[in-house]
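Trainee: I would like a close look at one part of this model. Please take it slowly and then go on to the surroundings that can be described.

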Amino acid sequence: MELGADKKDIKSLSLEELQAEIAAIGEKPFRAKQLYEWFHKKLARSYAEMTNIPQKLKETLADGYTYTSLRLVEVQTSQLDGTKKYLFALADGNLVESVWMQYHHGNSVCISSQVGCRMGCKFCASTLGGLERGLTPSEMLDQIYAIARDTGERVSNVVVMGTGEPLDNYDSLLKFITLITDENGLNISQRNITVSTCGIVENMRCLADERLQITLALSLHGATQEKRRTLMPIAEKYDLEEVIAACKAYFEKTGRRVTFEYSLVGGVNDTRQDAQELCRLLKGLNCHVNLIPVNPVKEREYVESKKESIARFKEILEQNHINATVRREMGRDIDGACGQLRRRYEMPARIASRLIE
Ligand code: SAH
């Protein structure tokens, strides 16, 4: 059985929910706000740090609830641009990765939403071992809290683009967004949050109905149904037309321009014809295209596009009045593709456990 599975996760509660818990155990109402601030504003790692909370209450809470605090396993720092890649251990021993990036417009943290992933995109390392489980809201939050503590800097942007499919962990994702944007917590603006999805249509539509001001990024990677299917198994389930319709609905309901991510894979989806097809697909859509030179994963045979192909691809989009950027490669020297750091650590453990069996 999962450790503490029967206990409530106290850092995943909203202030209102925490107030109800505090009332139920007969504590004074003001304690809820005090605790909430220790959890979400002062980013306490444990009850020991909470100097204005009575010892007895700390003990009651420590007994009755789980307190999520990720353990830092490794940090790699880029010598080129200061980007940091973090590896954290969760209470059950699973590992997750997060990334810290500094841009001129502020500091950004990229978080994971699941342990592993079941979407199976062909060029992605995060999916190679399948899905272990979704993260709790507090496990998503604590990636950001641990990084804010480590760097001592303010986090202004959050991107949910690490390991996992956020819309495959929908309820936790929404709760996470509620907590990270709360004015009693880190108070990050909705506009500074980006959620990236491979295109789970029902949940894209639910998210649109929430009418949040977050940015939705859709992983496209192919401009036709056939091309997309060769790279992304999720395309078997949702036709490209449905996915694009859901993007349009997101824009109509929220007024937020959708970002399309397109990882350029050498010889697979980076030709002149691919670019022209992409122009046809996105014609008239208020959007932005983010071109990502594929990061080769050693378990896969895919290679990066040539510099000239990337430049040509972008030029064709621009000639067709489609706003496009090539993702700046941060932390090139510490880069393994998404999910690689975690895999490097988990492989020996898996091999070891097989040997023991
Ligand atoms: N499940 C979400 C988040 C995944 S990671 C989604 O599919 O959008 C964020 C982006 O990185 C996605 O567009 C994903 O397809 C892309 N990506 C994953 N591995 C990559 C690699 N090795 N090279 C380039 N892009 C990659």
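Trainee: Is E242 buried, partly exposed or exposed, and why does it count as such?

Mentor: This is a predicted model, and what follows should be read as such. E242 counts as partly exposed because its relative accessibility is 36%, and partly exposed is the class between buried, under 20%, and exposed, over 50%. The residue sits in helix α8, which runs over residues 240-254. On the surface, E242 belongs to a patch of negative charge, together with E202, E226, D239 and E241.

One member of that patch, E202, has a number that falls within α6 (201-210), and α6 is among the elements that cover the buried residues of α5. Helix α5, residues 170-180, is mostly covered, with 8 of its 11 residues buried. Those buried positions are Y170, S172, L173, L174, F176, I177, L179 and I180. Besides α6, their cover includes α2 (30-40), α4 (137-151), β9 (157-160) and β10 (193-197).

Two of these covering elements can be followed further. In strand β10 lies I193, which is buried, as its relative accessible area is 0%. Setting aside neighbours within four places in sequence, I193 has contacts with V158, I180, T181, I188, I214 and T215.

Two loop residues deserve a remark on backbone angles. Most residues other than glycine have a negative phi. L43, in the loop between α2 and α3, has a positive phi near 55° and is not a glycine. L43 is also buried, since its relative accessible area is 8%. R211, in the loop between α6 and β11 (215-219), is another non-glycine residue with a positive phi, here about 50°.

Technical notes. Residues are numbered from 1 along each chain as its sequence is written. This is a predicted model: local features need pLDDT of at least 70, side-chain atom pairs count only at pLDDT 80 or more; totals for chains, interfaces and linings use all residues. Side-chain values use heavy atoms; hydrogens and water are left out. Patches are made of residues with over 30% relative accessible area and no salt bridge: like charges are joined within 9 Å, nonpolar side chains (Val, Leu, Ile, Met, Phe, Trp, Tyr) within 5 Å. Accessible areas come from the Shrake-Rupley method with a 1.4 Å probe; for residues, only the protein chains shown count as cover. A salt bridge is a side-chain nitrogen of Lys or Arg within 4 Å of a carboxyl oxygen of Asp or Glu. Lys and Arg count as positive and Asp and Glu as negative; His and the chain ends are not counted. The place of a charge is taken as NZ of Lys, CZ of Arg, CG of Asp or CD of Glu. Helices (H or I, at least four residues) and strands (E, at least two) are DSSP runs, numbered from the N terminus. Buried means under 20% relative accessible area, exposed over 50%, partly exposed in between (1.4 Å probe, protein chains only). Contact means heavy atoms within 4.5 Å.
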